[in-house]
Amino acid sequence: MSSFTVDRAGALGGPAWLKRRRTGAFEELAAMPMPSEKEEVWRYTPIDELALDEYAPSDGQPLGPLGSTFLNAVVADLPERAALVTVVDGRLVAVERTGLPASVRVGGVDVLGDEEGALGRVLAGGDALVRLNDAFHPDVVIVDVPARVVLDAPVVVVHWCTTASAAHGGPDSTAPTDGWPASFPRTMVRLGAGSSGQVVEIVAGAPGAGHGLVVPVTELSAGDGSHLSYAALQVLGTDAWHLSRVAAVAGRDATLRTFTAGFGGAYDRSRTDALADGTGSSTELRSAYLGTGSQVHDVRTLQDHAAPRTTSDLLCKGAVAGTSRSVYSGLIRVRRGAVRTNAFQTNHNLVLDRGAHADSVPNLDIEENDVRCSHASTVGPVDEDQRYYLESRGIPPTRAEQLIVLGFFDDIVQRSPVPTLVPRLRREVRLRLVDALVMDLEEADRDRAEKEASESG
Amino acid sequence: MSLLEVEGLHASAGSREVVRGVDLVVRGGEVHVVMGPNGSGKSTLAHALMGRPGTTVTAGSIRIDGTELVGLPAWRRAQEGLFLALQQPIEVPGVLLEAALSEAMRGTGASEVRARLAAEAAAIGFDERFLQRPLNVDLSGGERKRNEVVQLGVLRPKFAVLDEIDSGLDVDAVRTVAQRIERATSEWGLGVVAVTHFHRVLRELRADSVHVMVDGRLVASGGPELAEELERTGYRAYGVEEGAEGAA
Ligand SMILES: Nc1ncnc2c1ncn2[C@@H]1O[C@H](COP(=O)(O)OP(=O)(O)O)[C@@H](O)[C@H]1O
Ligand SMILES: [Mg+2]
C-alpha cells in the first residue's frame with residue numbers, strides 16, 4: 001500500500017469533519033484484510049489479482065481533450081437535464097444548473113456544511129474497498145432535494161476517470177510517478193419526503209487500453225413517499241478495473257429504482273444493496289452487462305426487506321462473448337418483521353461464444369413466513385426456437401442472432417428508470433455488439449436510410 | 001403459376017420417424033387442407049417443409065418451382081417463397097415486428113414495410129398498437145395467430161403452411177383471418193396448405209382439396225365433401241380408435 005498513506009488521505013481538502021472521517025477510515029482500512037476470492041461475495045472474481053501498491057491516488061488531472069469530447073457527447077445525448085456535474089477523478093470540475101429549483105442543492109461536499117454524519121449514513125461499515133473510498137475520495141457529489149419537490153429532468157453526473165497507457169513514470173505517462181491512477185468517486189443523493197427526482201451517473205475513461213482503478217461509492221436515500229430513479233452507466237476503457245458500490249434505502253411508501261449498466265473495464269463489478277426500510281416501500285433493481293474480449297463482469301445485488309408490506313423486483317440481463325465471463329449473484333433477505341414482503345429476482349444470461357462463461361447464483365435468506373419470493377435464472381446460447389422463427393421469415397442466421405441479442409438488451413435497456421438515457425444505452429450496446437457479433441448494423445441502417453431518401457426524393 | 005411439389009417425404013423428430021411418406025402437389029392459388037387426429041404428424045410435416053433444425057428429412061423431395069428445398073436452411077426456403085404460420089408462435093423479447101420484417105425484406109424501403117404492415121393489420125382488425133410490440137410478447141393466443149397472418153400478408157410468399165391458424169381465434173376472427181388468406185390466393189396467387197380441425201375454416205378458405213393424415217401419411221384425399229364426412233364419422237374409418245390419439 002505504498003502510495004496509500006495516511007498523509008495522502010489527510011492532505012485531501014474539505015471541512016474538518018471530513019478530514020477526520022478520512023483519517024479514521026484509513027486507520028480502519030490498515031487493520032482490514034483486502035477482499036479475497038475465498039469470501040462468498042468475491043467468489044468467481046479475479047479480485048486476488050488486485051495489487052493495490054501498483055496504484056496511487058490520482059491527484060487532480062484536468063479533463064483533457066478526450067474527456068471534453070465525451071462530455072460533449074453526453075450533453076448532446078441528454079439534452080433534458082436539471083443539472084450537469086462534471087467530475088474528474090472524484091474532484092468536482094463544474095456544476096451547471098439548468099432549470100433546477102433553487103431549493104435543490106447540487107454541488108460538492110461544501111453543500112453539507114457542518115452536517116457531519118450525513119455521509120456514510122446509508123452505507124455504514126463496508127469492506128476494505130469502501131474504506132479505501134472513505135479515506136481517499138477527494139470530494140463528494142451531493143444532490144440534496146428537500147421535501148415535496150418534483151424534478152422532471154435528471155441531474156447528470158459525469159465522472160471522468162484517468163487511466164494511463166504508457167509505463168508509469170515514463171515521459172509519455174499521464175500517470176502519477178508512483179503508480180497507475182486510482183480514483184474514488186463519491187456521491188450522495190438524498191430525496192426529501194414526497195419528492196421525486198432522477199439522477200444519472202456516468203463513469204467513463206479514455207477508450208481502449210489504459211490502466212486504472214476506479215472505486216466509486218454512491219449512497220441513495222429516498223425519503224418517505226418519495227420517488228427516486230437512479231441510473232449508472234460505466235463505459236471505461238478495456239483495461240481499467242471498476243469496483244463500484246451503490247447503497248440505497250427507501251423510506252415509508254417510497255419507490256426507489258436503480259439501473260446499472262456495465263460495458264467497459266477488464267474487471268467490472270457493481271454491487272447494489274437496496275434496503276426497503278419503511279413500511280410499504282418498494283425497490284426496483286435493473287442491471288445489464290455485456291462482456292467482449294476477456295472482460296469480467298460481476299453484478300451483486302441485495303434486496304433487503306426490513307419492514308412490512310415491502311416489495312422488491314430485480315431483473316438483471318447480460319451477455320458474454322469471446323472469452324469474457326460474468327457472475328451474477330443476488331440475495332433476497334427478508335428480516336424478521338418484514339411480513340407480507342414480495343420479492344422477485346430474475347437473471348438471464350446469453351453465452352454467445354464457446355469460450356465465454358456465465359455464472360448465476362441466486363440466494364434467499366428469509367426469516368418471515370408470510371412472504372412471497374421467487375427467483376429465476378437462465379444461462380445459455382441464443383434460443384434455437386427464436387432463431388428458427390426469425391429464419392423462417394427469411395432472415396439469415398447471423399442477422400437473426402444479431403436481432404435476438406439486440407432485442408435481449410433492448411428489453412432491459414428500455415426499463416431504465418431514467419428514460420432519457422435509453423438511446424445512449426442502446427448505442428453503447430450496439431457499439432460493443434459490433435465487436436462481439438461482427439455486426440454490420442450501421443451499414444444496414446445506412447442502406448435503409450439511403451433507400452428511403454431515394455424513394456421519397 | 002407457382003408449384004409446390006412434395007414427393008415421398010419422410011421426416012423424423014428426435015429419434016422417431018413421424019412423417020412416413022407424404023406426397024402433395026399444390027399449385028399457386030389453390031387451398032389444400034390437412035386434417036388428422038392429434039399426434040398424426042401434421043406439425044412435424046409443417047416443420048419438415050420449413051426446415052426446422054431437429055426435424056430431419058430422411059427421404060423425399062420438396063420443390064418450389066423446381067428448386068429443391070431439402071438441404072436448404074429455413075431462411076433459404078423462406079426466400080424461395082415458403083412461409084409457415086406456427087401452431088405456437090415464438091416470443092422474441094425486444095425484437096419488434098417491424099424490425100424483423102424490415103430485416104426479412106431487405107431491399108424494400110422502411111416506409112413500404114410500414115405501409116404494408118398497417119394495411120395488413122387493418123385488413124384483419126389487428127390492433128395497430130401491437131405492431132410496436134416485440135414479437136409475440138404479451139400477446140394472447142389469438143393475437144399471436146393474427147400476428148402470423150399479418151406477417152404472411154406483408155411478406156407475400158408463394159406458399160403458406162398454416163398450422164392451426166384458427167386455434168385461439170374467436171368465431172369472428174376466424175372468418176376475417178380466413179377471408180384475408182382466401183383473398184391472397186387471387187391477389188398474388190398464394191398457394192395454401194392449411195392444417196385445421198374445423199370444417200368452418202375449410203369453408204371460409206374455399207378449400208380445393210382435403211387430405212386426411214393418419215400416422216404420418218396422407219391416407220385419403222378428396223374435395224371439401226371429405227371434411228363433411230369426417231365431421232360426421234371422425235377418423236374411425238381410417239383405423240383410428242376414438243380417444244386413442246396422442247396428446248399433441
Ligand atoms: N421433437 C420430437 N421428439 C420426439 N417426438 C416428437 C417430437 N416432435 C413431435 N413428436 C411426436 O411426433 C408425433 C406427431 O407430433 P405432431 O407433428 O406435433 O402432431 P400433430 O401436429 O398432428 O398433432 C407425436 O407423437 C409427437 O409426440
Ligand atoms: Mg400440431
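Author: Ten strands of chain A form an open sheet in the order β3-β2-β6-β9-β12-β14-β16-β18-β20-β22, with mixed pairing. Strands here are DSSP runs of E with at least two residues, helices are runs of H or I with at least four, and both are numbered from the N terminus. Two strands pair if DSSP finds at least two bridges between them. At the edges are β3 (91–97) and β22 (371–380) of chain A, each pairing on one side only. From one strand to the next, the twist averages 10°.

This is a predicted model, in which local features need pLDDT of at least 70, side-chain atom pairs count only at pLDDT 80 or more, and totals for chains, interfaces and linings use all residues. Residues are numbered from 1 along each chain as its sequence is written, chains are lettered from A and ligands numbered from 1 in the order in which they are written, and side-chain values use heavy atoms, leaving out hydrogens and water.

Within the sheet, β12 (residues 227–235) and β14 (residues 255–262) of chain A run parallel and are joined by eight bridges. A:A232 stands opposite A:T260 in β14(A).

Helix α3 (residues 64–77) of chain A lies across β2 (83–88), β6 (155–160), β9 (196–204) and β12 of chain A. Its direction is at about 160° to β6(A). Helix α6 (residues 397–413) of chain A lies across β14, β16 (282–291), β18 (311–320) and β20 (341–351) of chain A, at about 155° to β18(A). Such angles run from 0 to 180 degrees between N-to-C directions, with axes fitted as lines to C-alpha atoms, for helices over the stretch in contact.

Terms used:
Contact = heavy atoms within 4.5 Å.
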